[in-house]
Amino acid sequence: MTSRYRSTESLNTLTPRRRTVVKAAAATAVLAGPLAAAIPAKAATDAPAFLHGVASGDPLPDGVLLWTRVTPTPEAIPGSGLGPDTEVSWTVATDKAFTNVVAKGSTKATAASDHTVKADIRGLAPATDYWFRFSAGGTDSPAARTRTAPATDAAVTNLRFGVVSCANWEAGYFSAYRHLAARGDLDAWLHLGDYIYEYGTGEYGTRDTVVRQHAPAHEILTLADYRTRHGRYKTDPDLQALHATAPCVAIWDDHEIANDAWSGGAENHTEGAEGSYAARQAAAKQAYFEWMPVRPAIAGTTYRRLRFGKLVDLSLLDLRSFRSQQASVGNGDVDDPERTLTGRAQLDWLKAGLKSSDTAWRLVGNSVMISPFAIGSLSAELLKPLAELLGLPKEGLALNTDQWDGYTDDRRELLAHLRSNAIRNTVFLTGDIHMAWANDVPVNAGTYPLSASAATEFVVTSVTSDNLDDIVKVPEGTVSALASPIIKAANRHVHWVDTDRHGFGVLDITADRAQMDYYVLSDRTKADATASWARSYRTRNGTQKVERTYDPV
């Protein structure tokens, strides 16, 4: 994956925004054990250190966003508010040996931004691999690879993206990230939400076994808490490896804040007893933007658009900041046009972008499933765990109102827009539901397949978060063998659903087709878990339909 390089020298300086310094009560918050056990022995005595890896994100044709976190002194752990201002420099080169440096600069890492650093590098060549690293106090970070996007008007032959979602630290190891990193062929990787989880130890699905403990151990509520949790995640070697291999393109879902978050609250937030939701949401968002290589186009949201030549544009959604509260018995109608998932401004932005796009494919990074989903005639034994997974009452509503199913007016308007403007080749890329799906997105599910399909959707399963077999505590594949045929019979637009396995997706795109290869892990609880190909589905140019293909790319 090499291309022509245009030599450019640039000097970039980024001044961190001032933050409120938050003092952490526990100096051992990065990991569950004492600090000496949390970090390498050398780092406990030598400072500064780069304990949380390096990352890049949001690639542009002429630039990319670089990220790291420096630990200037041993006590300056995430969320502590401790540690001196520290000069951090970065270097970008065309080679791993850094003999041909094309960009460099420096800034100060401060406790106000939890000693995180972002550098928005510009002046680079399109569709080009680069290497970068950070330095502080004579210490170099690990070197990492990144890649710029193709030129806006470039005729791109092929693009390949890793696709992941839903990584619960306590439920297992992040082997999915390791296997994606080992490929070495990704233009970028998409994280579709639930990069972290907010719960306290043992409070969220682990099949009754906490494989490795969260930090902090309690549910995260404050800015210090969210910073500590992000810091814990960023110590994972498999996550560090993937961040060091290709640029990340991320959106949030609910668990970066709290379960079933909406604009004014969350299912997993008790107003008053857990402080105000507004303060919690603000803390969660601040920590997210500090710790993630994300370039917000609009302050406080993750909706934005990236372009990859004439082949792809990628619209990334924020389906938590603007939504109405989820419908439930006695609380709103899923068809109420006054209720919204996207908010008016974001829906108008999405529609305008899809209509004006001149690329071959329009991808939508979408945190919750847009395809309609009817439960069908599932037995009580399957319906109850499915309701638990979806966060529904075990008796009552037979649909997931946290998804687009709970906001049907927004979905109707968007799909009607695709149809009336003859917008083709729209593919929704989705996480959240801890299952793998390959769907047509019907204009009218009740009359499908006689009615048209407006788009297609590939849903990836979870990295580690519980799916149905975990909830029921039966061998992998047991539930899927029973539930999948029933789900497909009740939802004729669903080509495939796997309710039981963990893994990741690899999306490969050419002018002729977009293909999702689904991979599954041998055992989420094993650090050395293997990965194997499970299935592949594609949508061919102009069809707005999913079809099975029998080999991965």
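User: In which strand is the place of Ser 315?

Analyst: Ser 315 sits in strand β16, where strands (E, at least two residues) and helices (H or I, at least four) are DSSP runs numbered from the N terminus. This is a predicted model, in which local features need pLDDT of at least 70 and side-chain atom pairs count only at pLDDT 80 or more, while totals for chains, interfaces and linings use all residues. Residues are numbered from 1 along each chain as its sequence is written, and side-chain values use heavy atoms, with hydrogens and water left out.

User: Is Ser 315 buried or exposed, and with which side chain does the side chain of Ser 315 make a polar contact?

Analyst: Buried means under 20% relative accessible area, exposed over 50%, and partly exposed in between (1.4 Å probe, protein chains only); Ser 315, at 0%, is buried. A polar contact is a pair of N or O atoms within 3.5 Å; within protein, one must be able to donate a hydrogen and the other to accept it, and residues adjacent in sequence count only if both atoms are side-chain atoms. Here the side chain of Ser 315 makes such a contact with the side chain of Arg 305, at 2.9 Å.

User: What does Asp 185 form with Arg 160?

Analyst: Side chains of opposite charge can pair when their charged atoms come close. Asp 185 and Arg 160 form a salt bridge, with their closest N and O atoms 2.7 Å apart; the term requires a side-chain nitrogen of Lys or Arg within 4 Å of a carboxyl oxygen of Asp or Glu. Asp 185 lies in the loop between α3 and β11 and Arg 160 in strand β10, so the pair ties together parts 25 residues apart in sequence.
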